[in-house]
Amino acid sequence: MNIMEAKEQIEQSVSTYLRKDEFGQYKIPIERQRPVFLLGPPGIGKTAIMEQIAQSLDIALVSYSMTHHTRQSALGLPFINHKVYGKQEFDVSEYTMSEIVASVYETMEKTGKQEGILFLDEINCVSETLAPSMLQFLQYKTFGNHQIPSGWIVATAGNPPQFNRSVREFDVVTLDRLRVLEVEADYDTWRKYAVNKGLHSAILTYLDVKKSDFYQIENTVDGKSYVTARGWEDLSETLYLYEEQEFEVGETLIGQFLRNKKIAREFAAYYDLYRKYKQDYQVHQILDGEAGKVVLERAKKAGFDERLSLMGLLMDALQESIREHVRRESALRFLTLTLREVKGDLVFAETKTAEYIEEILTAKADAIQDKMIKEDAANALGSLDRYTYLQAENTLRRYQRQIKIEGTTEPKEAFEYLRTQFELAVSELKRHVELITQKLDHLFEFVEKAFGNGNEMLILVTDLTINYASAKFISEYGCKKYFKYNKKFQIHERQMEIANELDHLDLTQLALDEEA
C-alpha cells in the first residue's frame with residue numbers, strides 16, 4: 001500500500017482504540033490493542049503521518065527511535081526495595097520508571113492531553129539485550145514495572161532488512177501481536193502531499209517527467225546510492241532559501257540531498273533550465289493579465305517539457321498568494337473570537353482604567369501563547385495553526401501597546417479602536433481576495449490562448465483541485481472557468497494521455513541540448 005492508505009488505516013485504528021463505552025471505559029482493553037507496525041523503506045514519511053494523525057485527532061504524540069535505547073533506558077534502572085509479606089521481610093528488586101513511559105507522563109503534564117500516540121520508530125533494530133522485553137511491551141504495553149497510561153496507543157515502524165543491517169527479523173510470536181502494514185514509495189500519492197506542502201515546482205515538474213527518480217536505493221561499486229522522499233522535501237526547502245539569498249545552486253549542493261550521481265546531475269541540469277524559463281517568461285505579468293505577444297507566442301511553440309515547467313512556475317506564483325490568503329483568513333477568524341471575548345470583558349468591567357484594558361489584552365495574548373506551547377509540546381501543532389496563533393498573539397500585543405501609547409482609559413473607546421483596526425484588516429483581506437480572483441481569471445485566459453483545452457489546462461485544473469488552499473479559496477469565492485473546465489474534463493482519461501506523453505519524453509537530453 002502507499003503511505004496515504006497506511007495513514008488512513010492507522011488513523012482508523014487509533015480512533016477505534018480510543019472508543020469508550022457508556023461508563024467511560026475503553027471498549028478494547030489496552031492488552032488487546034495490537035500496535036500498528038509500519039514496515040517500509042526509509043524516508044517515505046512514516047513519522048510525518050503520525051504527526052498528521054495526532055493533529056487530526058487532537059491528541060498528543062511522543063516519538064522515540066528505538067536504536068538509541070539500551071535496556072536500562074527503556075526498562076528503567078534496578079533498585080532494591082525492602083518489603084514485608086506476612087511476618088517475613090524481603091529485599092525485592094524493582095525498577096525506576098522507564099524513560100519512555102516517563103516521557104508520556106511528562107507530555108500529559110505539559111499539554112493537558114490525556115490521550116495520544118506513542119510512536120516507536122525502528123522497533124526492529126532494538127539492541128540484543130532489549131529484544132526479549134519487546135514481546136512483553138507489545139502485548140501489555142509495559143516497560144519494566146510500568147505500563148503506559150490508558151488512552152495512549154502504541155504505533156511502531158521499521159525498515160525491511162535490505163535497507164538496514166541492524167534489522168532483527170521478528171518471529172511469528174512477535175508478529176502475531178502486531179498489525180503489519182507494508183508500505184511502498186509511490187510518487188503519485190506523494191505528489192498530492194507535496195503540492196499541498198508547497199514543495200518547489202522545479203522538483204514536481206522534474207519528477208512528473210522522471211517518476212523513476214523519485215525513490216531509488218541501490219548498492220553500487222562506489223557504495224550506497226539513494227534518493228528518498230525526505231531528500232526531495234529537504235532539497236525543496238533549501239532551494240527556496242538559497243533563491244531568497246541569491247546563492248548559487250549547483251550539482252554539488254543538490255548531490256548533498258540526492259545521493260545518486262546520475263539523478264543529481266540530471267536534476268541540476270533541469271534546474272538550470274527551469275531558472276532560465278523563469279527569466280524568459282514574465283510570470284507575474286501573465287497573472288496580472290499583461291502577458292506580451294512574444295511570451296504568448298513562445299508558449300504556443302514550446303515543447304511539452306517547457307510547457308510543464310511554465311505551468312509549474314505559474315502555479316507556484318499563484319499558490320503563494322493563495323496560501324498567504326488562507327493564513328491571513330485563519331488568523332483573522334481566530335482573532336474575531338478573541339476580540340468578542342475582549343469586548344465582553346470591557347463592557348462588564350467594573351474597574352475602568354488603562355491598566356485594566358492592557359491587562360485584558362495581555363492576558364488574551366498570553367493565553368494564546370500558552371495554547372501554542374502546549375500543542376507544540378504535544379507534537380499536535382500544524383503550520384497553519386502555528387501561524388494563526390503567532391499572528392493573533394502579535395496583533396493583540398500590538399493593540400495593547402498602541403492603546404497604551406495613546407493613553408486610552410475608557411473601555412468603549414478602547415474597543416472602538418480595536419473595532420477600527422479589525423475592520424481595516426478585513427478590508428485588506430477583501431482586497432487580497434479580489435487580486436487573487438483576478439490572477440485566477442488571467443491564468444485561465446493565458447492557458448486558453450496559449451494551449452487551448454490541452455493537457456496544460458488539465459494540469460491547471462487538477463493542481464487547483466488537489467491543493468487544499470486553492471480548492472478552499474475557489475469553493476468560497478468561486479471561479480467560473482475553473483468550474484467550466486472541471487466539469488468538462490474526463491479526468492482519468494486525460495491524465496492517462498498526459499502519462500503517455502511523459503513516458504516518451506527524454507528530459508535529460510532536452511536539458512543538455514538547451515545547456516549546450
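Student: Why is L346 called buried in this model?

Tutor: The model is a predicted one, in which local features need pLDDT of at least 70, side-chain atom pairs count only at pLDDT 80 or more, and totals for chains, interfaces and linings use all residues. L346 has a relative accessibility of 4%, and buried means under 20% relative accessible area, with exposed meaning over 50% and partly exposed in between (1.4 Å probe, protein chains only); L346 therefore counts as buried. Residues are numbered from 1 along each chain as its sequence is written, and side-chain values use heavy atoms, with hydrogens and water left out.

Student: Where does L346 lie, and what is L346 in contact with beyond its neighbours within four places in sequence?

Tutor: L346 belongs to helix α14 (residues 304-347), where helices (H or I, at least four residues) and strands (E, at least two) are DSSP runs numbered from the N terminus. With contact taken as heavy atoms within 4.5 Å, and with those neighbours left aside, L346 touches I357, I360, P411 and F415. For F415, which is 69 residues away along the chain, the separation of the C-alpha atoms from L346 is 7.5 Å.

Student: How many aromatic pairs does the structure hold, and what makes the pair of W232 and F267 edge-to-face?

Tutor: There are 17 aromatic pairs. The ring centres of W232 and F267 are 5.5 Å apart and the planes stand at 80°; rings of Phe, Tyr and Trp (its six-membered ring) pair if their centres lie within 6.5 Å, and planes under 30 degrees apart count as stacked, over 60 as edge-to-face and the rest as tilted, so the pair is edge-to-face. It connects distant parts of the chain, since W232 is in helix α9 (residues 229-245) and F267 in helix α11 (residues 261-280), 35 residues apart.

Student: What makes E375 buried or exposed, and which residue does E375 meet in a salt bridge?

Tutor: The relative accessible area of E375 is 10%, and E375 is therefore buried. Its side chain meets that of K371 in a salt bridge (3.2 Å, N to O), and K371 is partly exposed at 37%. Both residues lie in helix α15, 4 residues apart, about one turn of the helix.

Student: Where does R327 lie relative to Y387?

Tutor: R327 lies over the face of Y387, at 5.6 Å from the ring centre, and a charge sits over a ring if NZ of Lys or CZ of Arg is within 6 Å of the ring centre and within 35 degrees of the ring normal. R327 is also linked with E324, R328, E428 and R431 in a network of salt bridges.

Definitions and conventions: Salt bridge = Lys/Arg side-chain N within 4 Å of Asp/Glu carboxyl O.
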